[in-house]
Structures are given as C-alpha cells and as structure tokens.
Amino acid sequence: MTAQTVRVELAGDGGSDRSYDITVGQGILASVGTLLADAGCRRAVAIADAAVVSSHAEKVVTSLQAAGIETLPIEVASGESSKAAGEAARIWGALAEAAVDRKTHVVAIGGGVVGDLAGFVAATYVRGLAVWQIPTTLVAQVDSAIGGKTGINLPAGKNLVGCFWQPRGVVSDIESLATLPLRELRSGLAEVVKYGMIRDEPFFRWLETHVDEITAATPTAVHHIILTSSRHKAEVVSQDEHETTGLRAILNYGHTFAHAFESATGYGRFLHGEAVSLGMAAAARLACRLGRIDAETAERQDRLLAALGLPIDFANVASSLSTDELLAIMRRDKKAISGQLRFVLPTRLGHVELVDGIDPAAVVDVLAAKA
Ligand SMILES: NC(=O)c1ccc[n+]([C@@H]2O[C@H](COP(=O)([O-])OP(=O)(O)OC[C@H]3O[C@@H](n4cnc5c(N)ncnc54)[C@H](O)[C@@H]3O)[C@@H](O)[C@H]2O)c1
Ligand SMILES: [Zn+2]
C-alpha cells in the first residue's frame, strides 16, 4: 500500500509557512530519518512511550541515525500520569544536560500522552524546538497528533497547562497498531465515528458497511480510516487553528458528556474513546429530545458504535453517578460560557451545530433515559 499524505494548511507566521504533511502508510517508520534530514535536521531527541521502545521507537531511532542525525533517546513511562509537570521538568533537565540547541528537533513516538507531553516540552524548551509527531495509537493517529494542541495535567484538572505548537510533520504508520490492545483500538474508533457524525455522512455510511473489516483491522480499512480522519482534522484545524471561530469546537461532539463521565468516575473506569462513545450516544438523545434529529438517526449512531464494540448505555452509567455532579462538571466545561450548558448537537447525519443555553431539565431527562 503506497503511503499518502494529507496537508495541514496553516497561515504563515511572520512570512514563514507553517503548513505540514501527515503521512499515512504501512511500514513507514524507516523513512522518518530521510524526512527529517530533508528538513535540515542534524540532531534529534526521540521521546518515546516505554511500551513502544523495542517495537516501534527503535526503528525510528535507527532510521534517524542512518540518515546521519545524532539522536538522544528518552523513554517515558506509559500512562496518563506521565503527562505531568514533573515529567516535563525531567525531560527539560535531560535536554539541558545533553546541551540541546535550538536547531535540535524533537520526535514524539507514542500515543496522545507522549505526543502532548513531548509537544509541550518542545514548545517550551529554549522557547521552542521543532517537533515531529509519530503517533502509535489510533487515538493519536486520527486525533491528538494533528492540530498542535500540547499540554500536561495538573492535580486540579486535565490539560490545564499547555499551548498550541504545531508539528513539522506527522507520520502515521498503520503497522504500529498491530501491537495495540484491542480496547485501545476501539477507543480510537469512537473519534472516527465522530468525524462521520460531524461532517461526513458518506464516511459514516462507509463505516456502517465495513464493520467486519474494521474490527478485523485489515490494513486497507485502517488506512482508509486514518487518512479520512486525518483529512477532517486537518481541514478543521486549518480553518480554526486556535479555536476562535467556533468551528474547531465541533470536534467536541459528545465530549461535554464524555468529560463529565470521565471526571465523575475519576478517569479510572473508561478510556477516553469509550467515554466519547457514551457521550455521543447521550448527545444524540439530547438532540432528539430537542427535536433536532429523529430517533432513527440516534439509533443508527448507537448501532454503529455498538457494532464497533463501544459502550452506548450512558443512562446505566449515569444511574450510578450523581446527576447534580454531572451537571456541575458540564457547566464548568472549558467550552461552557458563564455556567450555561453548551453542547455540539447533530441536526442530521454528517452535520452538527454548537448550541448554547440548553435547559438543564432536558439534560437531566436524557441522563435518566426519560427522553
Ligand atoms: N492534543 C490533542 O489534540 C489531543 C486530542 C485527544 C486526546 N489527547 C490526549 O491524548 C491522550 C490519550 O491518548 P492515547 O489514547 O493515545 O493514550 P496513551 O498515549 O496513554 O496510549 C494508550 C496506551 O497504549 C500504549 N501504547 C501506545 N502505543 C502503543 C502501541 N503501538 N502498541 C502497544 N501499546 C501502545 C500506551 O503505553 C498506553 O498504555 C490523553 O492524554 C488526551 O488528553 C490530546
Ligand atoms: Zn476526544
């Protein structure tokens, strides 16, 4: 399968073009060295998730060295707890000790955790090093590695510290997903269904008719999914890089509910994509309750999510949690304005709108499965 690219078009910054390519292919980690050498890189720091060091990151490091790039490997412990100030400080220290200069490039190899952490370290060390994202989870390949959001968590909340720092390029090798646990793969599929719901009805229909290939993770299906999702994320980011026009907010479809489910369960019960699946199921029901879509549309979304092995029974989840707490979290959502409830809701398959001032009673009814 030949590698294909998706361009993320970005407005120039003081005359420099910040646009970059996402390359999607099979067995392309060995090409990373040439890619960076062609971009003028002579020294690199390869920051990798411990879980992918021997399986994937070593291939990247070997290819960098083969291209004449002096490379410092840094390993990061797997898991969300690495997205923390202490870990960023440890890596800043390692960069200082290695006398890393402004021309050094950072290469992030792993899922969203390493991508966000390494991106943040790259953005902040000596006021900014070039960073390349080499995502190895489906979540990272279809979402987090694209668009330049970087950050770390604080005890007070997730992603509270961070900045926009666009990568120089993204390399998504579908082969790296071969080692990914099934549950993590499914989690990524929730964000894939999201793209169909928010802006691509034909893609939604393609997903519906290719469930067997997708769950079997055939290279052709996975390649199509990553390429299409990358194109959607790239287009949205190009049009609203810093989330100022409201367009980028459509990427948060299902996420207001999802964040509430994740937060109320202490982030320990659901993977992010599982929470997004529950959140999209709830958002579609809310859209029904408000007369924006018919029940059949919500049911179609439910059927696809369930066929892909994702959870949809949000009412059962909500019944074990405090509705008041869920509402309070949703009111504090980063996208909420002065405590008003705000949701991204579908109007039909393939189209969503940002809706303000939603009646809390409607949300309570939906959570209680009364709608
Ligand atoms: N920056 C953004 O725009 C953005 C968007 C969405 C999510 N995120 C962030 O991304 C993070 C979630 O990303 P994630 O789901 O990739 O989680 P993750 O990085 O924790 O990876 C999930 C698990 O898979 C393991 N892993 C990674 N690649 C593997 C591989 N190829 N084979 C086997 N195991 C592998 C990891 O060690 C980890 O245990 C969250 O911190 C979230 O806030 C950021
Ligand atoms: Zn998400």
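**Ground rules.** I worked from a predicted model, in which local features need pLDDT of at least 70 and side-chain atom pairs count only at pLDDT 80 or more, while totals for chains, interfaces and linings use all residues. Residues are numbered from 1 along each chain as its sequence is written, chains are lettered from A and ligands numbered from 1 in the order in which they are written, and side-chain values use heavy atoms, with hydrogens and water left out.

**Domains.** I looked up the division of the chain and found domain 1 (4-179) and domain 2 (183-367), with bounds that come from an automatic or database domain assignment. Their centres, taken over C-alpha atoms, are separated by 27 Å. To the contact (heavy atoms within 4.5 Å) domain 1 gives 26 residues and domain 2 gives 27 residues.

I then looked up the buried area, that is, the accessible area (1.4 Å probe) that two parts lose on being put together, summed over both; between domain 1 and domain 2 it is about 2300 Å², with 66% given by carbon and sulfur atoms.

I noted three salt bridges between domain 1 and domain 2, the rule asking for a side-chain nitrogen of Lys or Arg within 4 Å of a carboxyl oxygen of Asp or Glu. Separately, I recorded that the side chains of Arg18 and Glu241 form a salt bridge at 2.8 Å, N to O. On the side of domain 1 that touches domain 2, the elements giving two or more residues are strand E1 (4-8), strand E2 (20-25), helix H5 (138-144) and strand E8 (157-164), and H5 supplies the largest share, five residues. Helices (H or I, at least four residues) and strands (E, at least two) are DSSP runs, numbered from the N terminus.

For ligand 2 I listed the protein donors (N, O and S atoms within 2.8 Å of the metal, or 3.2 Å for Na, K and Ca; water is not among the atoms, so sites may look incomplete) as Glu191 (OE), His255 (NE2) and His272 (NE2), at 2.0 to 2.1 Å from the zinc ion. Glu191 in helix H6 (residues 182-199) and His255 in helix H10 (residues 255-264) are 64 residues apart, a pair that links distant parts of the chain. Both Glu191 and His255 are buried, meaning under 20% relative accessible area, where exposed is over 50% and partly exposed lies in between (1.4 Å probe, protein chains only).

**Ala108.** I placed Ala108 in strand E5 (residues 105-110) and found Ala108 buried, with a relative accessible area of 1%. Leaving out residues up to four places away in sequence, Ala108 touches Ile47, Val114, Gly115, Ala118, Trp132, Gln133 and Ile134.
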